Amino acid sequence: MTRNADLFARARHRLPGGVNSPVRAFRSVGGEPFFTARAEGPYLWDVDGQRYIDYVGSWGPMIAGHNHPAIREAVARAIGNGLSFGTPCEAEVTMAETICRLVPSVEVVRMVNSGTEATMSAIRVARGATGRSRIVKFEGCYHGHGDAFLVKAGSGALTFGLPDSPGVPKPLADLTLTLPFNDFEAATTLFERHGDEIAGLIVEPVVGNANCILPRDGYLQHLRELCTRYGTILIFDEVMTGFRVALGGAQERFGIRPDLTTFGKVIGGGMPVGAYGGRRDLMEQVAPAGPIYQAGTLSGNPVAMAAGLASLALVQEPGFHARLEAKTIALTDGLQAAADEAGLPFSTTRIGGMFGLYFNRDHVDSYAKAMASDAAMFKRFFHGMLARGVYLAPSAFEAGFMSIAHADADISATIDAARETMREIG
Ligand SMILES: Cc1ncc(COP(=O)(O)O)c(C=O)c1O
Ligand SMILES: N[C@H](C=O)CCC(=O)O
């Protein structure tokens, strides 16, 4: 028995499905997950010594590559001063100032411990500030596992065919209205019917939890206009896109100013962190400045802040995002060429440091088209790549993540592996 197999057998006995977060379990692609022993740059090594070129990047935070010395050293320095204080500390202030400087729509920000906490809190602010109860989300978007969001949800919920979850009371789920992403008319119609009841609209500006769906021209502006017209709080969930598709996130890239924004992943540099922020008049309604309650024992943790600040320093290096995007383009162009050579139905999407791979001849710009892609072929592709030392997200509904540590040689090796795999599965 390999060490991986042994660990998974033990894990299955004591952890639900053997994991602490569902998509890691490889259920939708079949087989057993590998257990990582260490990570460095663009690579993971499993407990049996196999090396993988990693395009998951811990689901987004590792934009600078794994175990970056600057982040590791910042963490070591912070640890030297203690692990948690339960009082304010300077790093939280620097973090808040950094986020507000890089994302100008964010005038005031509150640190939390995960993306889920950030989105749950943002919705509470929208409800508290407007006195309304309903929210709008999009089919295939995932905003963490808060009750309000497990309605037609993406990511693992979609992967496992559980987009609505038992345990979410129906009266609560009924307050969540859903829309198809990129459908202008559906959004207009919904707001004409319910606009005055909608507290907040939350959207992944690039849908990274149904693979990687880019907004059509003018779509995010359309949502901005509807929210402004009906007094609805527009929330951009930039947990995934923040500091990844551009330094100022998707809102900078598409020129939209949301009322609130949620963050996670890159702002923690690999530590458990989230944040929500936005308009001063809204955020100053959060306790203790205002009456909307939200709190956290470890929020603003000094070690997490140190990792996050080091991560944000790296993405601010001149040319970072141009270099990152060039890598994404080289990879997706190479994969497309390999698929064309093998005569496979295949298309890609990409923006900044994230990309989508679809076994679908059409350009995918809707949830319906993402769902129509060939999932069985994706499975074969995933395993062919894994066997050749390339780790892609173990689901047809997760975006891929590039890091600045992926060298040309890693990208070429990935494309070579794809050429062989695609010939094999074609
Ligand atoms: C867009 C988006 N929002 C929210 C979340 C929830 O973040 P977390 O897993 O840190 O709770 C995720 C990822 O899980 C995400 O991709
Ligand atoms: N798609 C999710 C977050 O972005 C994947 C992370 C998880 O659910 O474990």
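Predicted model: local features only at pLDDT ≥ 70, side-chain atom pairs only at ≥ 80, totals over all residues.
How many salt bridges are there between domain 1 and domain 2? The count is two. Hold on to that, and let me show you around.

Okay, the layout. Where they touch, domain 1 puts in 39 residues and domain 2 puts in 34.

What about the area between them? About 3,100 Å² is buried between domain 1 and domain 2, with carbon and sulfur atoms giving 61% of that. On the domain 1 side, Ile351, Tyr367 and Phe397 lose the most area to domain 2, and together they make up 22% of what that side buries.

Look at Asp365 and Arg216: their side chains meet in a salt bridge, at 3.1 Å from N to O. Across the interface of domain 1 and domain 2 there are also 17 residue pairs in polar contact.

Which elements does domain 1 use here? Those giving two or more residues to the side that touches domain 2 are helix 12 (320-342), strand 11 (347-351), strand 12 (354-358) and helix 13 (367-371). Strand 12 has the largest share, with five residues. And if you sort that side of domain 1 by residue type, you get 23 nonpolar, 10 polar and six charged.

Now the ligands. Let's take ligand 1. Around ligand 1 you'll find, among others, Ser114, Tyr142, His143, Glu204 and Lys265. Thr116 has a side-chain N or O atom 2.5 Å from an oxygen atom of ligand 1. Asp237 does something like that with a nitrogen atom of ligand 1, at 2.6 Å.

Next, ligand 2. The residues surrounding ligand 2 include Val23, Trp59, Ser155 and Met240. An N or O atom in the Ser21 side chain is 2.6 Å from an oxygen atom of ligand 2, and one in the Glu398 side chain is 2.6 Å from a nitrogen atom of ligand 2.

A polar atom of the Asn209 side chain lies 3.0 Å from an oxygen atom of ligand 1. The side chain of Asn209 also has an N or O atom 2.5 Å from a nitrogen atom of ligand 2. That's my tour, thanks!

Note on methods:
Residues numbered from 1 in each chain as written. Chains lettered and ligands numbered in written order. Heavy atoms only, no water. Contact = heavy atoms within 4.5 Å. Buried area = accessible area lost by both parts, 1.4 Å probe. Salt bridge = Lys/Arg side-chain N within 4 Å of Asp/Glu carboxyl O. Polar contact = N/O pair within 3.5 Å; in protein donor to acceptor, adjacent residues only side chain to side chain. Helix = DSSP H or I, 4+ residues; strand = E, 2+ residues; numbered from the N terminus. Nonpolar A, V, L, I, M, F, W, Y, C, P; charged D, E, K, R; others polar. Near = heavy atom within 4 Å.
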